[in-house]
Structures are given as C-alpha cells and as structure tokens.
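Here are my notes on the structure, written as numbered points. Please read them with the sequence and the model open side by side.

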Amino acid sequence: MRNKPKQQILKSLNRVGYSLITCFFVSASHADVPNVVTDIAPTHSLVSMIMKSIGEPKLLIKANENPHDYRLRPSKAKALEQANIVFWISSGLTPSLAKTIPNIANSAELVELIKLEGTEILYMRENVAFAEEDHGHSENHDEHDEHENVDPHAWLSINNGMNWLDKIANKLSILDPENQNQYQKNAQLAKLELSQTGEKIEKMLASKNDGNFLVYHDAYQYFEKSFNINATGAVQLGDATDPSPAELIVLQNKVKELKIECVFTNPQIDPRLLGSIFNDLNLEIGTLDPFGIDLDIGSNLYNKLLIKTATNIANCLKK
C-alpha cells in the first residue's frame, strides 16, 4: 500500500515527460512554418484551407473594412515586416497597398493572385445599364498587362478559386518543403469541397437564369459569369463611381422596361437609399456582400460566401 503513491507519482511524471516531449516535437515541426499574410477575408480563407493543420495566415483587412480606401495600421505593418509570403488580390482592389506591401514586406515573396497564370480576368463595365457586349468581356491570362480597367473582384469566380488553391499550395510547398505533402493534400480536399459548393449553387440558380436584377455596386460579374446569371445594371460602377442623375433615370427606365424584380444593396448602404432611387417601382430589396462581413474568419468563409451570395440572389428572384 505504501508503494502505491510512489507508483502513481512515477506514472504522473511519465505522463508529464511524454507531454513535454510531444510538445517539443509538435513545436519543432511547426517551427519553420512560413509567416503568411493575406489582404481580405476571402483570400485569408483560401490560404487557410491550404494551411489547415500546419499554420494560420494573418489577415490585414477585416471584412467590415473597405479595401478600396484601406489604410494600414501599425499592428498590421508589423505582420508585413515579419512576413515570408504575402497573398493579395490586386492593386486595383487595394490601391493603398500597392506601394506599402513591397516597401514593408521587402523580404517576402509577394503573390498578386489576379496576375497568376490561368486567372480569368473581366474588365469593369462602363455603363450603369449593362450592355450585352459588356458582360463576359474576359480573358484567361497567362501573360498579364497592367490594364487599369480590370475588375478586381476576381475571387467571386469559382474557377479562379479553384486555380488559386493549386497556386497557393505550390507557392507554400516551395517555401516550406517539409510540409509539401500536407499542402498538396489540403489543396485536393479544398478543391473537392469547392466543387461540391459549385454544384449546390448551380442547382440553386438553375431556374433563375432569366431573372433580372440590379446591384448597388458592380462587384459580382465574376459570380454572374460562373453561374450563368445576369445583372441588368448597377447604381455604382466597379470603380465606386457615383451615378449621375441622367444615369439614374436610365436605371429607372430599365426597371420598368424589363420588369426587374429586385435590387441588391451592400451591408454598408442604407436600403432606404435604394428605396428613394426606385420609389414606387415595387422592387424587392436584397443584400449582397462580396467580403463576408457576417461570416466567421477562417477556412470555411470562402465556400459560405459563395453559397450565401447564391442564396440571396435566389431568394430575391423567387417571385
């Protein structure tokens, strides 16, 4: 009986020793994981899918912050200083970061996703009422120019998402060869999940191809092209240009002419603004959000963002 406490003590010490050894090896295996920085929540989600069980990327711009006029905070600058690699959409989306990222993250590899081989490119539509020739003006770039009218909302193309998952995995595999197998495995699993998301959305929107709708901000043509739906126009163009009174009249006439069912605002825009523009036209007002403001940051955000976008469009066109 007297030896029993000693045995228990020895067992406890063994457990502690085992835990310490385990912690040491886990820490050692993660010691060389690259410091990864991303710009917006959808980029962060794509990279998180690839880094699952290995590490966690850092996020510069919260989903409720406007990337078009983002100003870097000191705490985020430190993350860039320590970065080994930075994944960001494009200078067109975050013009303030075009010089900031190379200057601060001067020892990091900078990966501008919209310039990667195989990325589908669409150009900004130039009129608030979209002409048929404006829609689908696209290129699949192997060599990219610096066309200033490129629509930067390219993450809303499910094909771009698929392509970027592979490219992100390849970049991280080169930077961190010890975890190459896991990066590649994660990429295959992520692509499978994204493919299933695409199938769900295609079924959800299959009967909505003839529906007409307007958007407040023209940020969704990549999504439209991916799933064969067509917005008729936008109150605000892709470069955030506000409409003139004459352009608003054009949109109002389009609503009447095409019997448009609904118009989508942004989470940051008061729906009453659209109500005042389209007064007495009996439009359903919905909400679309390209960044995932009310979604949890992480690996699940990207798929949830695409599904939520499809769900909101389908619900608004249910009439």
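**Notes on the model**

1. The mean pLDDT of the protein is 84, and 81% of its residues reach 70 or more.

2. The model is predicted: local features need pLDDT of at least 70 and side-chain atom pairs count only at pLDDT 80 or more, while totals for chains, interfaces and linings use all residues. Residues are numbered from 1 along each chain as its sequence is written, and side-chain values use heavy atoms, leaving out hydrogens and water.

3. Helices (H or I, at least four residues) and strands (E, at least two) are DSSP runs, numbered from the N terminus. Helix H2 (residues 41-51) is largely enclosed by the rest of the structure, because 11 of its 11 residues are buried. Buried means under 20% relative accessible area, exposed over 50%, and partly exposed in between (1.4 Å probe, protein chains only). The buried residues of H2 pack against several elements, including strand E3 (85-88), helix H5 (158-175) and helix H10 (301-316). Just after H2, Ser53 has a positive phi of about 70°.

4. A nonpolar core is a set of buried Ala, Val, Leu, Ile, Met, Phe, Trp, Tyr and Cys residues joined through side-chain atoms within 4.5 Å. The largest one has 76 residues, of which Trp155 and Phe223 touch the most other members. H10 supplies the largest share of this core, eight residues. Apart from this core lies another, of 12 residues, among them Tyr216 and Leu251.

5. Which residues does Phe223 contact, leaving aside its neighbours within four places in sequence? They are Leu156, Ile201, Leu205, Ile229, Leu306, Thr309, Ala310 and Ile313.

6. Four strands form an open sheet in the order E8-E7-E9-E10, with parallel pairing. Two strands pair if DSSP finds at least two bridges between them. The edge strands, E8 (231-236) and E10 (284-287), each pair on one side only. Strand E9 (residues 262-265) is joined to E10 by four bridges, and Cys262 has Glu284 as its bridge partner in E10.

7. H10 lies across E7, E9 and E10, running at about 145° to E9. Axes are lines fitted to C-alpha atoms, for helices over the stretch in contact, and angles run from 0 to 180 degrees between N-to-C directions.

Methods: Contact means heavy atoms within 4.5 Å. pLDDT is the predictor's confidence in each residue, from 0 to 100.
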